[in-house]
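Me: I am new to this structure. Please take me through one part of it closely, starting with the surroundings of the ligand.

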Amino acid sequence: MRRALLAFAAVLPGLTFAADDARQPIVMPQEARAEMRAEMLDFQTALHQIIEALAAGRHAEAAEVAERTMGISAMGRHRNAPANARPGMFMPNEMHAIARGLHASASDFARTARTGETKKALEALATVTGACVACHRSYRIQ
Ligand code: HEC
């Protein structure tokens, strides 16, 4: 029992509890929140497809998915939506910068993956997931 408690204590610093949530709340209209959450689900699906493709040695496919769904090519998804449905309008500058960083790093990943070098591709992919983590650790919308 004691040992189990110690093991639990050892992982504590890596966990986040609701009571000490230090993320900055971002206020957005319902429409913008819905758009953002839909985009997030697409990002997560894309990430899954990218990892699967990389593991199977299909580097070109991993590159294509990354560029199309998260890369520079995917910017401006909400450009023609009404203002209240454009999440970017409600993001503080730092948050927006992380979002732009995500798009740029996904395009970097696509270029690297096309070389066929798995280790370098994974390093580039970690910069992409780093952007997910950086934003999620800093901001919330609910
Ligand atoms: C610029 C900021 C930002 C970036 C970059 C970002 N996210 Fe998010 N994401 C958010 C915020 C804010 C939420 C909402 C958190 C909350 O519930 O308040 C969210 C929520 C989510 C959700 C939950 C969606 C739901 O249904 O509620 C998923 C899944 C997700 N993100 C995946 C990702 C993945 C994968 C990446 C990277 C490829 C990523 N996000 C990058 C800001 C970001």
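Reply: In this predicted model, 20 residues surround the ligand. The closest are Met40, Ala99, Cys132, Cys135 and Arg140. Helix 2 gives the most, with 6 residues. By type, the shell divides into 15 nonpolar, 3 polar and 2 charged residues.

Helix 5 has 21 residues. From its first C-alpha to its last it reaches 30 Å, close to the 30 Å expected at 1.5 Å a residue. Which residues of helix 5 are buried? They are Ala121, Ala124, Leu125, Val128, Ala131 and Cys135. Seen down the helix axis, these buried residues fall within an arc of 100 degrees, so they line one face of helix 5. They pack against helix 2, helix 3 (59-69), helix 4 and strand 2. The face of helix 5 turned away from the buried side carries exposed residues: Lys119, Glu123, Ala126, Val133, His136 and Arg137.

Step back to the whole protein. There are 5 helices and 2 strands, in the order α-β-α-α-α-α-β along the sequence. The C-alpha trace spans about 50 × 40 × 20 Å along its principal axes. Of the 142 residues, 22% are buried. Among contacts between residues at least 6 apart in sequence, 70% join residues at least 24 apart.

Notes: Residues numbered from 1 in each chain as written. Predicted model: local features only at pLDDT ≥ 70, side-chain atom pairs only at ≥ 80, totals over all residues. Near = placed C-beta within 6 Å. Helix = DSSP H or I, 4+ residues; strand = E, 2+ residues; numbered from the N terminus. Nonpolar A, V, L, I, M, F, W, Y, C, P; charged D, E, K, R; others polar. Expected span 1.5 Å × (residues − 1). Buried ≥ 20, exposed ≤ 12 C-beta atoms within 10 Å, placed from the backbone. Arc of directions from axis to C-beta. Contact = placed C-beta atoms within 7 Å.
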